[in-house]
Each structure stands twice: as C-alpha cells, then as structure tokens.
Amino acid sequence: MTNDETKSKIEVVDAGVMEYRAAWDLQLALHERVLSGELAAGALMLVEHPPVITLGRRANAAKNLLASLEMLALRKVEVVETDRGGDITFHGPGQLVVYPIINLNTYKMNLHAYMRFLEEVVIELLRRYGIEGTRSAGATGVWVAEGGGAELAKICAMGVRLKRWVTLHGLALNVTTDLTFFDLINPCGLGRPVTSMAKLMAEQTPTMHEIKRRMIEKIALRGNARLNASCASHLYIP
C-alpha cells in the first residue's frame, strides 16, 4: 500500500484481545499518526479487553464502583482511571470495543454530531439483527426495551475525548458479555439495567467476527470514508 493510499483510507486495526492500558497506548500511537497526516482519513481500532472497570472524568465517578477490593480480586477485574468523558463502565470478553480515531475537522463534525453519528451506527447495526436500538434523553449510548417493558436497558456505552480535534476512546457494544460483571458497578451512574445481543438473541447471536465486519462497514459508509476490501484486510501491527 502506497503512502497516498494509506492517507486516503481508514486504517483498520483489529487488536484481538488486549489489556486496557496496552490498548490505550496503541490508541495514542494511532492518534499521533492521524495528527501528523500519515493517516489523514483516520484509524478504526477494534478490541476486546480482559475484565476491566474504567472510570471517566465525571466528578465522583468512583462512587459508582460497588464492589469491594476483595470481590474485584476474586473476579480478576482491574480498575483504571481514564481521560475519556462519562462515568463508570465495564469492559470484558464478548464486548466489542471500538475506538475511531479521526479528525473531526476532516469529516466536518462537531462533538455533538460525532456522538450522534456513533449512536446511529450502532442503531443501524442492531436493526440488521432485528434489535430496535434507541436513544434515551440525557443518556448517551444505545438502549433497547427488553420484554416489552417500559424501562430501557443499555446495550452500548459511549465515552470519548477530543485531543486537538482528533477523537480517542469510543463505544462498547455488548455482544456476548457476561452481564453479571455489571453488578460490580452502577453503570454510567444511572442505576439502569444493561443487556447484550446474546440475551436478546440467544442461539441466533452472530459471531464477534461478523459483528466486527458489520461495524467496519457501517462506520465507513456513515462516515463517507473510502474503505474497501484492501483496507479492511490491512491491519496495523504495533
């Protein structure tokens, strides 16, 4: 792939399963490449994390950590303070975490439009599988109504940071996530339930590989980026 081709296409990074701090370092490396113009179209990083609870920059986010140190150790859950927006959330196996690293000026979006863009990507992806995702007033992310009930459950959490108008962090979609981990926290400080694609779809749940492919397609199409088969197969190896 030539330098011109690299600049005109989103760099797709499938990091597999990676510790949160290592993934953070990789995000920062990609961020520098976007800022330098080497990756002018941006990068898209997809990853699963071992069990980790992350605290955002919102004041008093730590108060929504409900588990004792002993319980965290028993379940082998790390706790990390991050520089993203938002409150507290959990990342773990079976959850697709997506970090788009793009210059918002390139795509002519402000932060509000970018967050709505991410939500719409997930809503469209879920609709492909017969799941009706929706927004909830005053609560960033994507939500679904379970069992016809009035209360919405969060299926996708979001938290981002802008650094010189290039995005960091992103979204976390529960595919086959063990939802009992969310009992360790008050998710996003809202006291509301959490769900997953597996809980809603049971044996019809798609594979993580398929969800990754669909996510790449949706972000590329919605973002009007030039993403093709050669780009999708081009993985950045740190």
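**Salt bridges and cores**

Modeller: Arginine 214 and glutamate 210 are both in helix H6 (residues 208–222), four residues apart, about one turn of the helix. Helices here are DSSP runs of H or I with at least four residues, strands are runs of E with at least two, and both are numbered from the N terminus. The model is predicted, so to speak of local features needs pLDDT of at least 70 and side-chain atom pairs need pLDDT 80 or more, while totals for chains, interfaces and linings use all residues. Residues are numbered from 1 along each chain as its sequence is written, and side-chain values use heavy atoms, with hydrogens and water left out.

Biologist: What makes arginine 214 and glutamate 210 a salt bridge?

Modeller: A salt bridge is a side-chain nitrogen of Lys or Arg within 4 Å of a carboxyl oxygen of Asp or Glu. The closest N and O atoms of arginine 214 and glutamate 210 are 4.0 Å apart, so the pair qualifies.

Biologist: Why does arginine 214 count as buried?

Modeller: Buried means under 20% relative accessible area, exposed means over 50%, and partly exposed lies in between (1.4 Å probe, protein chains only). Arginine 214 has 19%, so the word is buried.

Biologist: Which label does arginine 213 get, and why?

Modeller: Arginine 213 has a relative accessible area of 38%, so the label is partly exposed. Its salt-bridge partner is glutamate 217, at 3.5 Å, N to O. Glutamate 217 is partly exposed too, because its relative accessible area is 33%. Both residues lie in helix H6, four residues apart.

Biologist: What joins Arg116, Glu119, Glu120 and Arg135 into one network?

Modeller: Salt bridges that share partners do. The whole structure has 13 salt bridges.

Biologist: How do you know that the pair of lysine 199 and glutamate 146 links distant parts of the chain?

Modeller: Lysine 199 is in helix H5 (residues 197–201). Glutamate 146 is in the loop between strand E8 (139–145) and strand E9 (152–163). They are 53 residues apart. Lysine 199 is exposed because its relative accessibility is 52%.

Biologist: What makes a set of residues a nonpolar core?

Modeller: The residues are buried Ala, Val, Leu, Ile, Met, Phe, Trp, Tyr and Cys, joined through side-chain atoms within 4.5 Å. The largest such core has 38 residues, and Tyr114 is one of those with the most contacts inside it. Helix H4 gives the largest share of this core, nine residues.
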